[in-house]
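Subject: Structure for you to look at

Hello,

Here is the structure I said I would pass on, with the sequence. Please open it first and keep it on screen while you read the notes below.

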There are 2 protein chains.
Amino acid sequence: MLIIGAGLCGSLLALRLAQKGYKVEIYESRPDLRKVDISAGRSINLALSDRGLKALRLCGMEEKAREICIPMYGRLMHDSQGNTFSSNYSGRENEYINSISRGDLNAILLDEAEKHENVNIHFNSGCKKVDIENKIAHFKSYETGEKFKVKADVIFGTDGAGSSLRKSYISERKFLFSYSQNYINHGYKELEIPADKNGNHQISKEHLHIWPRGDFMLIALPNMDGSFTVTLFLSYDEGEYNFNNLTSEEKMIAFFEKEFPDALVLIPNIKEEFANNPTGPLGTIKCSPWSYQNKTLLMGDSAHAIVPFYGQGMNASFEDVVVFDEILCHFERSREIFDWEAIFKAYQKARKHDTDAIADLAIDNFYEMRDHVANPLFKEKRKIEMDLEKTFPNQYSSKYSLVTFNENIGYNEAMKKGRAQDKALLNLIADDEVHTHLEMTKEELKVILDKVIYETDRILEEDKILS
Amino acid sequence: MLIIGAGLCGSLLALRLAQKGYKVEIYESRPDLRKVDISAGRSINLALSDRGLKALRLCGMEEKAREICIPMYGRLMHDSQGNTFSSNYSGRENEYINSISRGDLNAILLDEAEKHENVNIHFNSGCKKVDIENKIAHFKSYETGEKFKVKADVIFGTDGAGSSLRKSYISERKFLFSYSQNYINHGYKELEIPADKNGNHQISKEHLHIWPRGDFMLIALPNMDGSFTVTLFLSYDEGEYNFNNLTSEEKMIAFFEKEFPDALVLIPNIKEEFANNPTGPLGTIKCSPWSYQNKTLLMGDSAHAIVPFYGQGMNASFEDVVVFDEILCHFERSREIFDWEAIFKAYQKARKHDTDAIADLAIDNFYEMRDHVANPLFKEKRKIEMDLEKTFPNQYSSKYSLVTFNENIGYNEAMKKGRAQDKALLNLIADDEVHTHLEMTKEELKVILDKVIYETDRILEEDKILS
């Protein structure tokens with residue numbers, strides 16, 4: 001079988017299929033990232049959490065991945081005076097997310113996949129289009145400039161948000177293809193906080209740092225070498241400061257001095273980086289169907305690219321491999337005829353409502369991170385949730401926990417329950433029905449827990465009737 | 001200015017702009033429908049309601065349109081035994097929708113537009129692409145085969161769901177263009193119930209007829225000549241019967257005999273029509289931005305095509321003209337610099353949330369028409385709503401009324417209020433908190449009204465906190 005794209009999803013998929021005995025050919029447009037640095041100012045670290053770890057575990061890669069993880073236990077918010085306050089991701093100690101290098105993780109997956117003799121990886125081979133009817137992928141070699149074709153039994157497109165297989169679904173017009181690309185008004189640009197002269201992190205490496213400013217924000221995730229990758233999320237054309245009008249060094253520096261003074265002093269090469277690093281767009285891609293007959297299947301970002309604000313993009317793509325593996329195992333074991341079309345359909349049926357949900361949750365979190373993290377109502381909600389999780393670890397999980405740390409329930413279920421809980425809790429606070437103080441007793445918290453559970457169930461019940 | 005497409009939206013827009021003194025050139029790919037019959041088995045009648053009528057009124061065309069309208073006061077449901085029951089659209093007598101011929105309505109709009117010497121209409125001119133940067137539209141003449149270009153100050157794309165201007169937005173890649181096309185699994189096919197030998201309607205012409213069957217349905221709208229246009233909505237590939245498997249005459253007839261026996265006897269040419277009339281797809285198109293700088297603007301279906309299940313497609317496109325006219329008047333009157341870019345942006349800002357809402361409502365109504373119209377809970381809700389509208393005409397309007405008969409509130413507001421009301425009422429019925437019987441007194445209904453208003457407000461209030 002042919003896999004187009006040896007990024008995170010493609011290399012994990014290749015590894016899993018190889019472990020199951022399939023013969024796998026992967027084609028990747030870029031050079032081998034283990035030999036050439038190809039980051040070029042793009043997102044170089046990511047948040048790995050329980051769904052992604054579950055997928056790595058399935059393929060025997062959890063341990064190796066953990067060796068290159070930096071745990072982040074919560075958010076550290078920076079205000080424009082440089083004051084900070086922290087907010088844990090969970091009231092349970094074992095629930096945290098991890099900063100991990102995209103390149104390093106990809107490299108260990110490629111290394112492991114290559115150990116299987118039924119795997120061949122071809123780099124510098126850009127897929128130009130796919131003849132989906134005849135299962136022929138058309139490539140161009142970026143080494144020789146030569147064009148070539150590869151015919152396969154089955155073709156998997158794990159070629160990311162700009163997927164060439166997905167574009168072929170649109171251009172070949174063999175079936176009604178529902179498709180959406182929705183950009184937000186913000187773009188992103190990456191900058192760097194280097195390590196100090198001893199190679200240590202200059203700010204806490206146990207946090208994901210956020211500088212929330214309403215219309216825009218800065219975040220920073222730690223790297224193993226002591227540096228942080230900083231990302232500015234800013235509108236292209238709205239507000240006093242935006243990417244289109246931050247055209248001079250003076251204006252850009254004035255913007256950082258006013259809004260992010262404590263970050264500015266930590267980014268020594270900001271002028272060069274701001275000018276030279278690309279500004280990337282942020283968007284959501286959804287489509288359906290993911291597959292064409294028994295011939296082709298989209299997985300990972302090619303099927304469902306999302307905005308980065310829930311830290312779930314890679315996790316969702318890895319979880320695709322888990323779900324696909326379950327479906328495949330089921331068909332392999334059962335007496336049903338082994339039929340790729342049926343497998344692809346069963347996979348989409350099991351999976352699509354969950355990838356749609358994480359896409360919507362990621363958009364929600366964009367607003368939450370920008371606007372709500374500093375809002376008193378949301379801060380009180382967050383405090384209550386931490387107390388509930390700490391005091392009743394088996395009885396309460398916030399939406400964030402359900403999405404991030406509960407890999408055994410789907411994103412869709414996590415979204416529905418999490419949103420109902422949020423609504424219940426915010427309304428209880430707004431209606432002055434729950435009160436907090438510094439040292440809540442277990443009895444007081446139990447009263448709140450019961451109210452939240454009751455209200456959540458009522459909201460879910462009310463919603464059910466219309467669906 | 002240049003308008004691409006002389007369909008319903010384009011011809012009304014041309015008329016309105018002509019009335020305001022602008023010089024308008026319209027290009028239409030099809031021949032002049034006043035001279036050539038070009039219906040070819042496509043949707044030939046539509047539901048015209050208050051939003052559309054308001055737009056026609058603005059252009060002085062309401063009277064002429066009403067002359068070719070057939071009022072429909074409610075739905076007449078047909079079960080598979082041929083039994084019928086009716087359900088009015090409103091408890092208020094003056095609230096009804098109208099069946100109108102697409103071709104006849106388009107013709108009177110073209111006639112009226114042509115009376116203005118500042119309007120030129122060019123038929124048989126298919127737009128192939130638009131150079132949006134230089135405002136040059138590229139056409140092909142379907143009479144001579146010749147290609148030609150037209151340069152304009154401003155270009156309006158009213159060229160429908162397959163808009164060539166919109167495709168140029170995608171292909172020219174001048175800006176980040178958010179775009180979605182979402183097909184439902186059902187297609188549609190049109191059939192005909194002819195007039196009887198005296199030229200009269202064979203079934204009630206005062207109703208929109210529906211044969212709801214869960215997974216599929218048939219509807220029929222009356223025409224002025226005594227015939228009905230019948231539309232079958234059916235899945236392409238799911239269920240026992242679908243478009244892909246109704247391949248033989250025998251199977252198709254067996255399907256109609258089982259499901260629509262009373263309709264079958266009224267469609268004498270069903271075999272030819274089923275075989276020869278095309279099966280059309282049904283989808284929703286959303287996009288943003290609608291405009292490019294001060295150069296081009298999408299309006300009508302080209303900006304927001306919707307599924308037909310709320311009978312609002314034409315009404316929404318006509319309402320576009322009303323909203324655009326308001327914005328244009330405002331800029332003409334005000335001392336602000338007259339700037340098409342600002343006008344286009346103000347128009348989208350005022351309009352998009354409403355066209356998004358009617359798109360979602362139309363999808364909702366697909367499920368309601370197929371599934372809910374025969375559901376006891378929904379029937380009881382409908383009965384209560386009719387009683388409330390009849391008894392308290394100024395205090396209650398159902399979601400359907402808000403959307404269809406209240407042209408002075410936007411679709412978005414109608415959707416939010418209507419959905420909250422539906423949820424309130426369905427929950428009150430399900431929780432046994434309201435009871436109906438045949439002859440409700442005004443006092444009994446007042447109690448229900450108060451409960452519904454209270455619950456609706458509570459639901460709207462609860463939702464507000466999360467947004």
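In chain A, helix 1 and helix 10 pass each other in a right-handed crossing. Please bear in mind throughout that this is a predicted model.

Helix packing

Two numbers are used for a pair of packed helices: the angle between their axes and the distance between those axes. For helix 1 (residues 8–19) and helix 10 (residues 313–333) of chain A, the angle is about 25° and the axes are 9 Å apart. Angles under 35 degrees count as roughly parallel, so helix 1 of chain A is roughly parallel to helix 10 of chain A. On the side of helix 1 of chain A, the contact is made by Leu8(A), Cys9(A), Leu12(A), Leu13(A), Arg16(A) and Leu17(A). Helix 10 of chain A contributes Met314(A), Ser317(A), Phe318(A), Val321(A), Phe324(A), Asp325(A) and Leu328(A). The residues of this contact between helix 1 and helix 10 of chain A divide into 10 nonpolar, 1 polar and 2 charged.

The axes of helix 12 (residues 376–391) and helix 14 (residues 411–430) of chain B come within 10 Å and cross at roughly 115°. Angles of 65 to 115 degrees count as roughly perpendicular, and helix 12 and helix 14 of chain B are therefore described that way. Their crossing in chain B is right-handed. Helix 12 of chain B brings Leu377(B), Phe378(B), Glu380(B), Lys381(B), Ile384(B) and Glu385(B) to the contact. These meet Asp422(B), Leu425(B), Leu426(B), Ile429(B) and Ala430(B) in helix 14 of chain B. Sorted by type, the residues where helix 12 of chain B meets helix 14 of chain B come to 7 nonpolar, no polar and 4 charged.

A serine in helix 10 of chain B

Is Ser317(B) buried or exposed? Ser317(B) is part of helix 10 (residues 313–333) of chain B. Its relative accessibility is 6%, and buried means under 20%, so Ser317(B) counts as buried. Not counting residues up to four places away in sequence, Ser317(B) touches Cys9(B), Gly300(B), Asp301(B) and His304(B).

Helix 5 and its ends

Helix 5 of chain A covers residues 164–172, and among its residues Ser164(A), Leu165(A), Arg166(A), Ser168(A) and Tyr169(A) are buried. Which residue caps the N-terminal end of helix 5 of chain A? The cap is Ser163(A), with a side-chain oxygen 3.2 Å from the backbone nitrogen of Leu165(A). After helix 5 of chain A comes Arg173(A), whose phi is positive, near 50°.

Most residues other than glycine have a negative phi, and most peptide bonds are trans. Some exceptions follow.

- Arg173(B) is not a glycine, yet has a positive phi of about 50°. It sits in the loop between helix 5 (164–172) and strand 13 (178–193) of chain B, and is exposed at a relative accessible area of 69%.
- Asp432(A) has a positive phi near 60°. It belongs to the loop between helix 14 (411–430) and helix 15 (442–464) of chain A, and with a relative accessible area of 53% it is exposed.
- Ser288(A) and Pro289(A) are joined by a cis peptide bond, with omega about -5°. Pro289(A) is in the loop between strand 17 (280–288) and strand 18 (291–292) of chain A.
- Ser288(B) and Pro289(B) are also joined by a cis peptide bond, with omega about -5°. Pro289(B) is in the loop between strand 17 (280–288) and strand 18 (291–292) of chain B.

Two loop residues in chain A

Thr144(A) is in the loop between strand 10 (136–141) and strand 11 (147–151) of chain A. Thr144(A) is exposed, at 56% relative accessible area. A polar atom of its side chain lies 3.1 Å from the backbone nitrogen of Glu146(A).

Ser204(A) is in the loop between strand 13 (178–193) and strand 14 (207–212) of chain A. With 27% relative accessibility, Ser204(A) counts as partly exposed. The side chain of Ser204(A) reaches the backbone nitrogen of Glu206(A) at 3.1 Å. Leaving aside neighbours within four places in sequence, Ser204(A) is in contact with His209(A) and Phe228(A).

Regards

Definitions and conventions. Residues are numbered from 1 along each chain as its sequence is written. Chains are lettered from A and ligands numbered from 1 in the order in which they are written. This is a predicted model: local features need pLDDT of at least 70, side-chain atom pairs count only at pLDDT 80 or more; totals for chains, interfaces and linings use all residues. Side-chain values use heavy atoms; hydrogens and water are left out. Axes are lines fitted to C-alpha atoms, for helices over the stretch in contact, and angles run from 0 to 180 degrees between N-to-C directions. Helices (H or I, at least four residues) and strands (E, at least two) are DSSP runs, numbered from the N terminus. Angles under 35 degrees count as roughly parallel, over 145 as roughly antiparallel, 65 to 115 as roughly perpendicular and the rest as oblique. A crossing is left-handed if the near helix is turned anticlockwise from the far one by less than a right angle, and right-handed if clockwise. Contact means heavy atoms within 4.5 Å. Ala, Val, Leu, Ile, Met, Phe, Trp, Tyr, Cys and Pro count as nonpolar, Asp, Glu, Lys and Arg as charged, and the others, Gly among them, as polar. Buried means under 20% relative accessible area, exposed over 50%, partly exposed in between (1.4 Å probe, protein chains only). A polar contact is a pair of N or O atoms within 3.5 Å; within protein, one must be able to donate a hydrogen and the other to accept it, and residues adjacent in sequence count only if both atoms are side-chain atoms.
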